[in-house]
Amino acid sequence: MKRKHRFLATRWLISQLFVIAGIAILVVLSAIRYAPGIFETIVAMSQDGYIAKAIWNTCRELVKDVVFNPVLYLMVLAILVLELWMPANKKQKVFSPGFGQDFIWFIGDFFLKALLLIPFVMLLRGLHSQFLSQFSINLPSLLHLPKLVTLTLAILITDFGAWLAHVLQHKIPFLWRFHAIHHSQCEMNLFTDARFHFGDALIGYPLQIFPLYWLLIPLPQGIYYIFFRTWYPRLYHANLRTNFGFLRYVLVTPQSHRIHHSIEVRHFDKNFGIVFSIWDYIFGTQHRDFHEYPDTGIHDQNFPTENGLSFWCLPKNYVSQLLYPFRLSRD
Ligand SMILES: [Zn+2]
Ligand SMILES: [Zn+2]
């Protein structure tokens with residue numbers, strides 16, 4: 001029986017790989033046919049040693065942004081102290097296998113960004129300039145918008161795009177297979193924010209980027225990206241017992257996001273917000289009990305969980321988790 005199952009699993013993996021290879025070939029062929037500029041850019045990038053450069057730059061970034069980054073140490077320390085002071089789950093250790101596994105996702109994220117996500121954003125930009133730029137509306141100059149209003153609009157548009165993408169990641173089974181990895185964490189911690197499969201970007205990036213391209217609004221940068229898009233999700237993924245009082249009506253909180261990660265069926269498909277909770281109030285997906293702190297995780301018994309593993313096994317397990325979306329479904 002086991003052997004039969006292994007055979008089925010292998011067959012499933014092969015068929016998934018064929019589907020992905022087929023899609024990749026279609027994308028490449030259509031890029032050659034319809035957008036030679038983009039294709040030439042990508043070929044030039046690879047001939048120019050893009051992969052080697054990306055890996056080298058990522059290693060440099062890791063040294064600068066992780067090893068010698070006092071802000072990272074201070075913020076991590078502050079969040080860990082908060083976790084000791086007011087934990088949502090008192091039984092969870094601060095340095096659990098879940099924490100170790102998510103830290104590996106955090107480091108892996110630097111490489112995946114450089115090797116896959118930056119070329120993907122370039123491809124989206126190329127596709128936009130090739131096919132969609134003629135439909136663009138210069139909203140800031142059309143409405144004579146001041147810079148601050150343009151920035152606010154950019155923040156709201158990207159946040160709504162991220163919210164919508166998140167809803168689709170839950171509703172479309174193909175996308176859920178990637179997103180389930182983020183939800184598999186039973187020991188929520190500040191690095192769970194990095195536990196995202198690159199497949200999540202398939203829908204997440206276009207829905208955040210295309211509206212800004214279409215309205216010719218620059219991407220929000222500066223303090224918003226450094227604090228709200230980088231540190232804020234780390235804070236609300238931590239093992240913290242707080243609902244931020246009245247701020248919960250505007251912002252996602254550790255309590256509301258824990259409901260989103262809940263293993264209980266009655267909490268499913270609630271609290272999709274990324275930074276702002278306003279979209280969940282508007283579209284009726286906000287869970288209105290602000291004092292519940294449920295257990296988290298997913299129901300798939302075959303997920304390669306890190307629970308019970310030693311720290312030495314975590315890098316190998318990271319690879320198993322990366323491959324999880326392509327494995328046989330036994331739900
Ligand atoms: Zn989710
Ligand atoms: Zn989350």
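Start by selecting helix α7, residues 147–171: its 25 residues reach 36 Å from first C-alpha to last, close to the 36 Å expected at 1.5 Å a residue (the expected span being 1.5 Å times one less than the number of residues). What you have open is a predicted model, in which local features need pLDDT of at least 70 and side-chain atom pairs count only at pLDDT 80 or more, while totals for chains, interfaces and linings use all residues. Residues are numbered from 1 along each chain as its sequence is written, and chains are lettered from A and ligands numbered from 1 in the order in which they are written.

**The whole chain**

Zoom out for a moment. The protein chain has 13 helices and zero strands; these are DSSP runs numbered from the N terminus, H or I of at least four residues for helices and E of at least two for strands. Of the 331 residues, 24% are buried, where buried takes 20 or more other C-beta atoms within 10 Å, exposed 12 or fewer, and partly exposed anything in between, with C-beta atoms placed from the backbone. Among contacts with a separation of 6 or more, 75% join residues 24 or more positions apart; a contact is a pair of C-beta atoms, placed from the backbone, within 7 Å.

**Back to α7, then on to α8**

Colour the buried residues of α7, including Ala-154, Ile-157, Asp-159, Trp-163 and His-166. The buried residues of this helix pack against α8, α9 (201–214) and α12 (278–282).

Show side chains for Leu-168, Gln-169 and His-170 of α7, which meet Leu-175, Trp-176 and His-179 of α8.

**α5 against α13**

Next, select α5 (97–132) and α13 (314–323), which pack at about 65° with their axes 10 Å apart. Here too the pair is roughly perpendicular. Pick out Pro-97, Gly-100, Gln-101, Ile-104, Trp-105 and Gly-108 on α5, which make the contact with Leu-314, Pro-315, Asn-317 and Tyr-318 on α13.

Beyond its neighbours within four places in sequence, Pro-304 contacts Asn-317, Ser-320, Gln-321 and Tyr-324. Pro-304 is partly exposed, as 19 other C-beta atoms lie within 10 Å.

- Lys-90 sits in the loop between α4 (70–85) and α5. Lys-90 is exposed, with 8 other C-beta atoms within 10 Å.
- Phe-244 is in the loop between α10 (223–237) and α11 (254–260). Phi of Phe-244 is near 60°, a positive value in a residue other than glycine. Phe-244 is partly exposed, with 19 other C-beta atoms within 10 Å.
- Asp-269 lies in the loop between α11 and α12. Asp-269 also has a positive phi, about 60°, although it is not a glycine. With 12 C-beta neighbours inside 10 Å, Asp-269 counts as exposed.

Technical notes: Contact = placed C-beta atoms within 7 Å. Axes fitted to C-alpha atoms, helices over the stretch in contact; angles between N-to-C directions. Parallel < 35°, antiparallel > 145°, perpendicular 65-115°, else oblique.
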